[in-house]
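Reader: I have not looked at this one before. Can you walk me through it?
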Amino acid sequence: MTARFGLTIILTVFLTSCISLSGHERRELYQLGTQGISVETPPPAWEAPASPAAAGMLNLLPGFGNFYLASGNAADRSQYLVGAVNFALWPFSVLWGIPQTVVDAQTINERDLLYFQTYEAPKTGPDASR
């Protein structure tokens, strides 16, 4: 019985991995970085939708950090499932849940910044009318 439990925990850790950016998203973030725009130095009209510190702290409670990331602006709905798994495996899930939500919150912020720069940022320069 304990071997199954241990295998379940190991599989859960690997299956509830962090959200990742695509290669295209990483290149776009790099391009923004060369212009001095990043999550740490955002454009004036953009506000980060998720707090990595809050997500990590909330995951001290079973899955709450994941539920925080699954709701609100720029939410990632897959975090509901991850939160449910972390809830079921609490208190062990604190070991991987806290760092996972911190990384996921940062990734959510990066994706939202890309979306903002692509679709919502005020356009300037010769292409502004297009």
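Author: What follows is a short tour of a predicted model, by way of a helix pair and a few residues.

Reader: Ok, pick a helix pair. At what angle do helix 5 and helix 6 pack?
Author: Helix 5 covers residues 79-88 and helix 6 covers residues 94-120; they pack at an angle of about 165 degrees, and their axes are 11 Å apart. Because angles over 145 degrees count as roughly antiparallel, helix 5 is roughly antiparallel to helix 6.

Reader: Is that crossing left-handed or right-handed?
Author: The crossing of helix 5 and helix 6 is left-handed.

Reader: Which residues make the contact?
Author: From helix 5 there are Gln79, Val82 and Asn86, and from helix 6 there are Trp96, Gly97, Gln100 and Asp104. Sorted by type, the residues of this contact are two nonpolar, four polar and one charged.

Reader: What sits in the loop between those two helices?
Author: Pro91 is one of the residues in the loop between helix 5 and helix 6. The peptide bond from Trp90 to Pro91 is cis, with omega near 15 degrees. Ser93 is also placed in that loop.

Reader: Is Ser93 buried or exposed?
Author: Ser93 has a relative accessible area of 3%, so it is buried. The cut-off for buried is under 20%.

Reader: What does Ser93 touch?
Author: Beyond its neighbours within four places in sequence, Ser93 is in contact with Asn86 and Ile98. Asn86 also belongs to the helix 5 side of the contact with helix 6. As for Leu60, it is 33 residues from Ser93 in sequence, and the C-alpha to C-alpha distance is 8.9 Å.

Reader: Now helix 6 itself. What about Thr101?
Author: Thr101 lies in helix 6 and is buried, with a relative accessible area of 0%. A polar atom of the Thr101 side chain is 3.0 Å from the backbone oxygen of Ile98.

Reader: Change of topic. Where is Ser71 placed?
Author: Ser71 is in the loop between helix 4 (64-70) and helix 5. With a relative accessible area of 34%, Ser71 is partly exposed.

Reader: Which backbone oxygens lie by its side chain?
Author: The backbone oxygen of Phe67 lies 3.2 Å from a polar atom of the Ser71 side chain. For the backbone oxygen of Tyr68, the distance to a polar atom of that side chain is 3.3 Å.

Reader: Which other residues does Ser71 touch?
Author: Not counting residues up to four places away in sequence, Ser71 touches Arg77 and Tyr80. Ala50 is 21 residues from Ser71 in sequence and 9.7 Å away in space, C-alpha to C-alpha.

Definitions and conventions: Residues are numbered from 1 along each chain as its sequence is written. This is a predicted model: local features need pLDDT of at least 70, side-chain atom pairs count only at pLDDT 80 or more; totals for chains, interfaces and linings use all residues. Side-chain values use heavy atoms; hydrogens and water are left out. Axes are lines fitted to C-alpha atoms, for helices over the stretch in contact, and angles run from 0 to 180 degrees between N-to-C directions. Helices (H or I, at least four residues) and strands (E, at least two) are DSSP runs, numbered from the N terminus. Angles under 35 degrees count as roughly parallel, over 145 as roughly antiparallel, 65 to 115 as roughly perpendicular and the rest as oblique. A crossing is left-handed if the near helix is turned anticlockwise from the far one by less than a right angle, and right-handed if clockwise. Contact means heavy atoms within 4.5 Å. Ala, Val, Leu, Ile, Met, Phe, Trp, Tyr, Cys and Pro count as nonpolar, Asp, Glu, Lys and Arg as charged, and the others, Gly among them, as polar. Buried means under 20% relative accessible area, exposed over 50%, partly exposed in between (1.4 Å probe, protein chains only). A polar contact is a pair of N or O atoms within 3.5 Å; within protein, one must be able to donate a hydrogen and the other to accept it, and residues adjacent in sequence count only if both atoms are side-chain atoms.
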